[in-house]
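Have a look at the model first, then read on.

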Amino acid sequence: MRLAIESKSPISLEASFTNTGTVAAVHVRVDFFVDGAKVGSGHLARVDPQQSATANYTWIPIGIRDGSHSLEARADLNGNGVIEASAGEVSASSVFVRSAG
């Protein structure tokens with residue numbers, strides 16, 4: 001019997017958000033997505049009006065093919081229960097994953 005063990009290096013995902021409102025955003029969960037699938041969450045303790053803050057999440061890309069993948073982070077900064085890209089509540093990028101070895 002042969003077992004395959006997949007080993008990939010952790011990737012630090014970071015997303016910055018700017019609060020364009022007039023009230024501080026506090027205790028905001030940031031959900032991280034890779035290729036549309038949620039992989040984890042980070043947290044913004046406080047983002048004052050007209051200020052920016054960064055959330056982090058360490059992702060281990062197990063079960064994902066090598067190559068380029070889309071990243072997205074979503075945060076409900078204004079607390080209305082709706083993620084609005086037009087309000088700066090979505091941060092998008094990409095990552096390239098390659099097998100070690």
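Strands here are DSSP runs of E with at least two residues, and helices are runs of H or I with at least four, both numbered from the N terminus. E3 runs antiparallel to strand E2 (residues 25-34), and nine bridges join the two. Two strands count as paired if DSSP finds at least two bridges between them.

A note on provenance: this is a predicted model, where local features need pLDDT of at least 70 and side-chain atom pairs count only at pLDDT 80 or more, while totals for chains, interfaces and linings use all residues. Numbering starts from 1 along each chain as its sequence is written, and side-chain values use heavy atoms, with hydrogens and water left out.

Zooming out, E2 and E3 belong to an open, antiparallel sheet of four strands in the order E3-E2-E5-E6. Its edge strands, E3 (37-47) and E6 (90-97), each pair on one side only. From one strand to the next, the twist averages 25 degrees (axes are lines fitted to C-alpha atoms, for helices over the stretch in contact, and angles run from 0 to 180 degrees between N-to-C directions).

Now the charges. Side chains of opposite charge can pair when their charged atoms come close. The structure holds four salt bridges, meaning a side-chain nitrogen of Lys or Arg within 4 Å of a carboxyl oxygen of Asp or Glu. Three of them are among these:

| Salt bridge | N to O distance |
|---|---|
| Arginine 29 – aspartate 31 | 2.9 Å |
| Lysine 38 – aspartate 31 | 3.3 Å |
| Glutamate 72 – arginine 74 | 2.5 Å |

Arg29, Asp31 and Lys38 are linked in a network. Aspartate 31 is buried at 12% relative accessible area, lysine 38 is partly exposed at 47%, and arginine 29 is exposed at 53%. The cut-offs are under 20% for buried, over 50% for exposed and partly exposed in between, with a 1.4 Å probe and protein chains only.

(Lys and Arg count as positive, Asp and Glu as negative; His and the chain ends are not counted.) The side chain of aspartate 76 does reach the backbone nitrogen of asparagine 80, at 3.3 Å.

Note on methods. Polar contact = N/O pair within 3.5 Å; in protein donor to acceptor, adjacent residues only side chain to side chain.
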